[in-house]
Amino acid sequence: MHLPTAAEQGSTRSAGRSLLWLSVGAAGLFVLLLWVLGFLSGMTGGGARNSGPGVDFRHNSIALAASQEPPQLDSTRTSDQVSNFVLGHIMEGLLRQDEHDEVVAGVAESWEVRADGATFHLRENARWSDGKPVTAHDFVFAWRLVVDPATAATYASLLFPIRNAEAIIAGKMPPESLGVVATNDRQLDVLFERPVPYFAKLAAFTTLFPVREDFFRSRNGSYAANAEDLLFNGPFRLARWEHDASFRFEKNELYWDKQRVKLAAVDVPYITTDSNATLNLYRDGKIAMVGQSPGLGSESLKQALISGWPIYQMRDGSVWYLQLNFRPERLTRNRNLRKALQLVVDRGEYVYKVLKTPGYVPAASVFPVWLQGAEKKFRQEYPAPEITVDVTEARRYLALAKQELGLAEWPPLVFLCDDTPSSSKQAEYFQTVFKEKLGLEVRIDRQIFKQRIAKMQAGEFDIVSAGWGPDYDDPLTFGDLFASWNPNNHGEYKNPELDRWVRTAQETVDPHARMAAFGEIQRIMIEDAAVITTYERGQSYVQDPRLKGVVRRTIGIDPDFSNAYLEPN
Amino acid sequence: MLRYILKRLLHGLITVWFIATATFIAMHAVPGDPLSGEKAMTPEIRRNLEAKYGLDKPVVDQYRIFLVNMAKGDFGISYTQQNREVNDIIREGFPVSATLGILAIVFAALGGVLLGALTATYRNRLPDVVIMFLVILGISVPSFVFAALGQLALVKINAWSGFTLFPVAGWGTVMHMVVPSLVLGLGTMAYLTRLMRSSMLEVTNTDYVRTARSKGLPPARIFLKHQLRNAILPVVTVLGPAIAAITTGGFVVELVFAIPGLGRYFVQAVQQLDYTVIMGTTVFYGAFLVLMVIIVDIVYGLIDPRVRLKA
């Protein structure tokens, strides 16, 4: 070993001393820089500056973390969950959903829905945040905006039942020809293209919220770009919105039903998709809920269980299924092959042993169990035909299919899925099942989200795992999914009998006749193995036990804090 | 000197144009488009949206329009946040990322130089062994692990002390900046420490240091003026690209600490095929990187008398 000489030791000591001083200087420099940047960043913003605890009794407020910045707060154009959540708190439509999901009076104090139209009588004391009354004209303006081709609203299709809407969207008629009239400031008349028995529920939907024309025009195209580019008429107002950083609702003192609103503020000082970050924030007492949207992943759920937090479950309303391809060149066009596949899928095993996510339930039909029928739940009125796993029968169908198709060997079926771990796991499960029980080869085609969508729409698959979340609270949102004209019918399933029942459901007002039509649709889908349904999705979330009265919804504003309140343990 | 800078800037412009064009082609070659989503639209609605965004025009026309607008400094409106201009997203996000990045890079540079000098001075002795072990750890452990661990540590410290000095996440005050910037700078610091150590050892054995010593200069002076100043050159070289990478590449740290920076857009925009944001952030980042490299080369000429800048 090299031993240092006395001279070297001397220089080392001296260098060490220099280094010590340099370190002190460096630390000082770093702190100075921090201070300067801290001062400067006061100008760049950031919402966590004054954020308090998750449940704040002193200010009667709560704090939350959002999964993303609200992308679109223009109610006529919005289509995503976070924007919908924000708009649902700061705005109100003609009607609204109460805590039991019943449709109740909103801006309209009374209303009637007929076969050919609807009339809404607006209340006198509904006010915009600048004090002016909310009038029928604000709805006419907003709805015309929705169908205007220049707006290019994604959810314009919700207005299809209103007279001329489809023609206006297609650019064949002017937006002014839409079947909606402000008879006076406080009466709105709507004319239908066809009967819309669920129109009252639709009137509570974000897309149909009011927009005031003079204010909209005064923003010169930047309506809803910032908090000051919005007017509010809901339970809260958007008091702060720093893009990508934070937003905050404060109670709207001009809201006509303000005694209903108990919280003074809902603060969202954190925006991140990182689930660990939100778990840590909850652990640190900085937020009141974890996993409100999207739900907790399996890893986060495990952590929540270990920590002993109060875990709640809700249904998100969506149904998931294996969509089969009916294009002419596809093997899955053969009914016997589809029956064979249908008969070997054990949903119970899939949901409880493979997915193993709490809140998920097996789906026997494309109509989920929570849908309301004429009197009872739809699925109680029209139970889905039971399909039990039968490998022998399945093999018989498979042999028939092979004969019909004139095949010597089965070529591999293409299973299109997302490249996420959970999606891959699901595809691999079906690969194994079809191989073991039927001897069919399945080739998994993993694609990132956008590419999966592109391939799905182009029909480059035999089987694709897909799902559908409801757009409005009526069985029709699921019932017309496989109609030949529906753009979401990616497998291009065409069945004139099914199309006829969809038309019946669309054109009938009588609830019993409509439900009977949906019952027929359900029967056809299962008998024809048009789709293999797998599960209905659920979500788990954590909520601070001192926060009460939060309403969770399958369809509509979710979560809803307008009735929420704080209560010490 | 001026001619040199102008020439470099011209080259930089060509580089940026090339980056933009390559990205544009790659982006359009990928299947899928910004408008597609889980729910398909009716053909009429889709057509209206395509017309609104100019996606109904041929790709060549789209490219031409993009180039003209880029020359004007306009990248258009985001597809995913339809009320925001890409320029606004960059303008609001970049200062945050830059603040975080500057802190991280200053921490990394100061720490790296000091620790590197320290390990070289105490070569093969205890400080060297301990620090070099930590350096290997710092280089091999990815930043998302440090971020998660750092955050968890904060939760524990807050719970134990019953008081919050450094918040767990969020942005807005000085205290919000400390931990994320340390986490972000850690990897670079480890890398710089190693670089500084070897460069320092190299310098110690050079003739001019030996001459200085034999002249009887004070050790502190030799250390500061002859060793440190010369050993620091390689560190400056890598600093330029490192600044650009850190100020824009803090994606994971920004996500974990819920920091409203630009980093997340680099990843999310690609996933969502948000054409305008992809182009805006890529061109911005490309230009920033090119500029940093040019600046480093100029600085290099200032601190190293052997380097003369000629056009």
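Biologist: Does A:Lys286 count as buried or exposed?

Modeller: Please note that this is a predicted model. A residue is buried if 20 or more other C-beta atoms lie within 10 Å of its own. A:Lys286 has 26 C-beta neighbours inside 10 Å, and therefore counts as buried. A:Lys286 belongs to the loop between H7 and strand S12 (289-290) of chain A. From A:Lys286 to A:Asp56 the C-alpha distance is 9.5 Å, although 230 residues separate the two in sequence.

Biologist: How are two packed helices described?

Modeller: One gives the angle between their axes and the distance between the axes. Consider helix H9 (residues 335-344) and helix H13 (residues 421-438), both of chain A: their axes come within 10 Å and cross at roughly 105°. Angles of 65 to 115 degrees count as roughly perpendicular, so H9(A) is roughly perpendicular to H13(A).

Biologist: Which residues of H9(A) and H13(A) meet?

Modeller: A:Ala340, A:Leu341 and A:Val344 of H9(A) meet A:Val433, A:Phe434, A:Lys437 and A:Leu438 of H13(A). This contact comprises six nonpolar residues, no polar residues and one charged residue.

Biologist: How many residues does each chain bring to the contact between chains A and B?

Modeller: Chain A brings 66 residues and chain B brings 60 residues. On the side of chain A that touches chain B, the elements giving two or more residues are helix H1 (6-44), strand S11 (265-271), helix H7 (275-283) and helix H14 (449-458). H1(A) gives the most, with 20 residues.

Biologist: What classes make up that side of chain A?

Modeller: The residues there divide into 30 nonpolar, 25 polar and eleven charged.

Conventions: Residues numbered from 1 in each chain as written. Chains lettered and ligands numbered in written order. Predicted model: local features only at pLDDT ≥ 70, side-chain atom pairs only at ≥ 80, totals over all residues. Contact = placed C-beta atoms within 7 Å. Helix = DSSP H or I, 4+ residues; strand = E, 2+ residues; numbered from the N terminus. Nonpolar A, V, L, I, M, F, W, Y, C, P; charged D, E, K, R; others polar. Axes fitted to C-alpha atoms, helices over the stretch in contact; angles between N-to-C directions. Parallel < 35°, antiparallel > 145°, perpendicular 65-115°, else oblique. Buried ≥ 20, exposed ≤ 12 C-beta atoms within 10 Å, placed from the backbone.
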